Structure formats: C-alpha cells, structure tokens
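My notes follow the structure.

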Amino acid sequence: DGVFAIAITLLAIELHLPEHWDRTFAGLITGMWRELFAYIISFLVVAVYWASHRRTFQRFRRSDGPLTAINFLILGLVTLLPFGSRMVAEAGPHGDPYVIYLGLITAIGFSNALLWGYAAFIGDILKETLPLGLRLVILLILLIVPTAMGGAGMMMYDPDNWWMMLGAAGFSAVIMSIRRRLGKAAGE
C-alpha cells in the first residue's frame with residue numbers, strides 16, 4: 001500500500017503553477033493542461049492497479065520467493081509512474097515519451113497478470129480452491145486491463161486507432177460477464 005500511496009503523492013508534488021499564470025481558471029488550464037492530463041491519467045492508473053493489487057493479495061494464503069519477486073517487479077514499475085507522468089507533462093499525449101509511458105502502464109498490467117498466473121496455477125498460494133475456468137477468466141481480465149488502457153492511450157495518440165479501443169471494450173464486456181457468472185457459480 002505504501003508504494004502506491006507514495007507514487008500518488010509524488011504525482012501531486014510534480015504539479016507546479018505555470019510561470020506566467022494570469023490568475024484565471026482558463027489561464028491555469030491553458031498553462032497546465034499537459035501536467036493536469038498526465039496527473040489525472042497517472043492517478044487513475046495507480047488507483048486501478050492499487051485496487052487490483054489489494055484484491056489479488058486478499059486471495060493469497062501465503063507468500064513465497066517467486067511471488068515476492070514478481071511483487072517487487074510490480075512495485076518497481078509503479079514507482080516509475082511519476083517519472084513517466086513527468087515525460088507526458090512535458091511532451092503531451094504524443095511522441096516517443098507518450099509511447100514509453102503507455103509501455104510502462106502496460107508492463108505494470110502484465111506484471112499483475114504474471115503475479116496472478118503464478119499464484120493461481122503454479123505456486124499453490126490461493127486461500128480457496130477456485131474452479132479452473134474462473135482462474136483463467138481472472139487471468140484474462142488482468143491481461144485485458146493493460147491492453148484496454150494501452151488501446152485507449154493509443155487512440156489519443158492516433159485517433160485512427162479507434163477500432164482498438166472499441167474491440168478491447170467489447171471483449172472486456174464479454175469477459176466481465178463470463179467472470180460474473182463463473183464467480184456466482186463458485187460462490188463469490
């Protein structure tokens with residue numbers, strides 16, 4: 001929890017008033033739109049991954065070396081978000097800095113999926129036995145989140161990629177529906 005909280009705090013610390021601010025709301029938005037965009041996106045990313053991380057760890061009965069190593073990977077990537085956010089604040093939602101930032105967000109998501117995959121299929125770490133189908137659907141959801149986030153980001157980078165976001169959203173809706181059904185059947 002501490003790493004996620006510090007990452008969010010560092011995002012806010014990076015916000016500074018524009019140098020030649022005219023003391024109006026419009027001037028503030030005009031002078032800081034990139035910083036505010038980067039802050040809002042990064043805050044939401046940290047919040048989503050923090051909630052996912054907490055929910056995932058609630059399902060574990062113990063920890064071991066590989067789980068700890070994967071968790072350190074996740075936390076290490078999360079601590080890079082303020083740096084990535086700064087790149088977006090300086091460059092805006094375009095160019096290589098933005099693509100690097102989207103790659104960072106995607107890497108965090110895939111690391112979350114790796115953590116779940118290890119715990120649910122290899123490490124025998126789950127508190128309760130979940131049906132194979134439910135474990136697979138949860139893994140698929142954890143893989144979809146970074147894909148959807150990256151697709152949304154690429155849509156902003158290149159509006160011609162709208163189809164990526166639409167496809168990810170449709171696929172996400174189907175998988176979430178299956179997840180709800182399997183969860184109910186498993187008593188969740």
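**Fold.** I read the elements from the N terminus and got α-α-α-α-α-α-α. That is seven helices and zero strands. Both are DSSP runs, numbered from the N terminus: helices are H or I with at least four residues, strands are E with at least two.

**Ground rules.** I noted that this is a predicted model, where local features need pLDDT of at least 70, side-chain atom pairs count only at pLDDT 80 or more, and totals for chains, interfaces and linings use all residues. Residues are numbered from 1 along each chain as its sequence is written, and side-chain values use heavy atoms, with hydrogens and water left out.

I looked up burial next. Of the 188 residues in the protein, 40% are buried. Buried means under 20% relative accessible area, exposed over 50%, and partly exposed in between, with a 1.4 Å probe and protein chains only. I then checked contacts (heavy atoms within 4.5 Å). Among those between residues at least 6 apart in sequence, 75% join residues at least 24 apart.

How many cavities of 30 Å³ or more does a search of the whole structure find? I found one. A cavity is a set of points on a 1 Å grid, over the protein atoms alone, where a 1.4 Å probe fits but cannot get out; lining residues have an atom within 4 Å of a point. The volume of the largest cavity is about 70 Å³. The volume is the space filled by probe spheres set on the points, which are joined across faces, edges and corners. Its lining includes Leu 11, Glu 35, Tyr 39 and Arg 86. I saw that α4 gives the most, with four residues. Both α2 (25–58) and α4 (81–91) supply at least two each.

**Aromatic rings.** I searched the whole structure and found three aromatic pairs. Rings of Phe, Tyr and Trp (its six-membered ring) pair if their centres lie within 6.5 Å; planes under 30 degrees apart are stacked, over 60 edge-to-face, and the rest tilted. Phe 4 and Trp 50 are stacked, because their centres are 5.9 Å apart and their planes lie at 10°. This pair links distant parts of the chain, 46 residues apart: Phe 4 sits in helix α1 (residues 2–13) and Trp 50 in helix α2. Phe 4 is buried at 1% relative accessibility. Trp 50 is partly exposed at 22%.

Another pair, Phe 57 and Phe 60, is edge-to-face, with 5.0 Å centre to centre and 65° between the planes. Phe 57 is partly exposed at 29%, whereas Phe 60 is buried at 7%.

Technical notes
On a 1 Å grid over the protein atoms alone, a cavity is a set of points where a 1.4 Å probe fits but cannot get out, and a pocket is an open set with protein on both sides within 12 Å along at least five of seven lines; lining residues have an atom within 4 Å of a point.
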